Amino acid sequence: MANVSIDSAWFISPAHQAGNLEELVVRLRNYSDRSVENVPLKLLVNGRQEAIGDISLPARTGLNDTLIFRPEEAGWKRGELAITDHPIIFDDRFYFSYRVAPRINVLLIRSAAAGNYLETLFGEDEFIELTINSESGIDYGLIPENNLVILSGLSAISSGLAGRLKEFVEQGGDLLVFPPLSGGLPGYNDFLAQVHADTYDSISRQPNQVVRLNLEQDIFRNVFERMPRNPDLPRVQQYLRLNNSSRTSKESLLTMRGNDDLMARYASGKGAVYLSAVPLNERVSNFPRHALFVPLLYRVALLSMQNYPLYYTIGEDQSVQAGSLELSERNNYRIRKDDFEMIPSIRNRDSGSEVFVSDQVREPGNYILSGPHDEELAVFAFNNAKTESDLAYFSDAELEGYGEAGSVISSGGGSLERLVAVENFGIQLWKYCVVLALVFLAAEIILIRIWPATPKI
């Protein structure tokens, strides 16, 4: 009996943008002991079919398939994956949800001497909302409203700015730093130590060149159709060395000769910190004018958008994540799906709101979180655990090998109910005794009626 299940799904890129291609990887598994051929796979997004596939699986194996589609509009997406797999169909649908943001909010805090490279890059892009603050007039209240904050050539990082940026990164924001070559570095390093990133060391005045890109990192995923053998990579005339600390979670992005980094990424809290070894100055490096600068900075901005789990598991996940929700004395938030509706309890945290569903969600599907005016705020996908999809069982010999405390009952094609009753109560013969007694009684009556009476003497 065939039994194919949709095991899991994930996107190749964590960044989602309307009009761009999405690559969704679907993991399928064949739990049966025979191969299956041409199992149809279908992807629906917001009720509309977006992609189809055709899967063949050997027995007891798993397979990944990639579905490609293009979301045309921003907003929450309700995804559904479906296969046709008779007769076991309870695990043939898989639900997921994700959000395509309408725009990315970027805050640029720059010195007077910084060039206008970032303004040129982001200023005319409708997808990016760029806000510029001068070093002398920073509006701290704007920091948490943005996805990405860029520091360009600041002469120093004050303790007040450091505190706000640390909180911003811990709560899921991304920070990109282009330092000055001299002056103010102690303030930078104090802040960088707080967010668990490497600190800046001495200036190297030896010209250097990038020799390696970390193509496994999401920054460069799908950026190049084909990597040339001898690419033209950025050059620097001088740069700041980064102290390589074992206590940081560093990912090198652009590596120069001698294993010095031109740019590196550090996971910090729920966000990330990107450090450049050079300022945006063409006298120091050709990086601001290099062809790699635009896709790299644009990918940093794209990846700064907050992502939520694609799906949750019924019975395991008692709460779900949402953006910041405003709480009032009366809870006007609802979670609904078809005829189901519940009022969740909500707790605000630094990284957003936590919405508790406990054990009230019992059916798989996409559930909508609506606000006081019935507006759609988020979509949460729930699926059943995959442990029940494997219907394989142990043989009699395997069961007997697990211990001597019990006995193994094998039906042998007969009635299992009868075998269990015999095992529990023994073979009961009273019914046979009653039947035999009735038979003998009937025989005696017949004999009395038909046997000739003995004459009296």
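Phe-287 and Phe-293 are both buried. This is a predicted model. The two rings have their centres 5.3 Å apart. Their planes stand at 90°, so the Phe-287 and Phe-293 pair is edge-to-face. The cut-off behind that label is an angle of over 60 degrees between the planes.

The structure holds 12 aromatic pairs. Another of them joins Phe-11 and Phe-96, with ring centres 6.2 Å apart. The planes of Phe-11 and Phe-96 meet at 75°, so this pair is edge-to-face as well. Phe-11 lies in strand E1, residues 4-11, and Phe-96 in strand E7, residues 93-100. The pair therefore ties together parts that are 85 residues apart in sequence. Phe-96 is buried, with a relative accessible area of 0%. Phe-11 has 11% relative accessibility and so counts as buried too, because the limit for that class is under 20%.

Ring pairs also build a cluster. Its members are Tyr-312, Phe-340, Tyr-367, Phe-380 and Phe-382.

Now turn to the surface. Trp-430 is in helix H7, which covers residues 430-450. Its relative accessibility is 51%, so Trp-430 counts as exposed; the threshold is over 50%. Trp-430 belongs to a nonpolar surface patch with Val-434, Leu-438, Leu-441 and Ile-445. Together, these five residues have about 510 Å² of accessible area.

How values were computed:
Residues are numbered from 1 along each chain as its sequence is written. This is a predicted model: local features need pLDDT of at least 70, side-chain atom pairs count only at pLDDT 80 or more; totals for chains, interfaces and linings use all residues. Side-chain values use heavy atoms; hydrogens and water are left out. Patches are made of residues with over 30% relative accessible area and no salt bridge: like charges are joined within 9 Å, nonpolar side chains (Val, Leu, Ile, Met, Phe, Trp, Tyr) within 5 Å. Accessible areas come from the Shrake-Rupley method with a 1.4 Å probe; for residues, only the protein chains shown count as cover. A salt bridge is a side-chain nitrogen of Lys or Arg within 4 Å of a carboxyl oxygen of Asp or Glu. Helices (H or I, at least four residues) and strands (E, at least two) are DSSP runs, numbered from the N terminus. Buried means under 20% relative accessible area, exposed over 50%, partly exposed in between (1.4 Å probe, protein chains only). Rings of Phe, Tyr and Trp (its six-membered ring) pair if their centres lie within 6.5 Å; planes under 30 degrees apart count as stacked, over 60 as edge-to-face and the rest as tilted.
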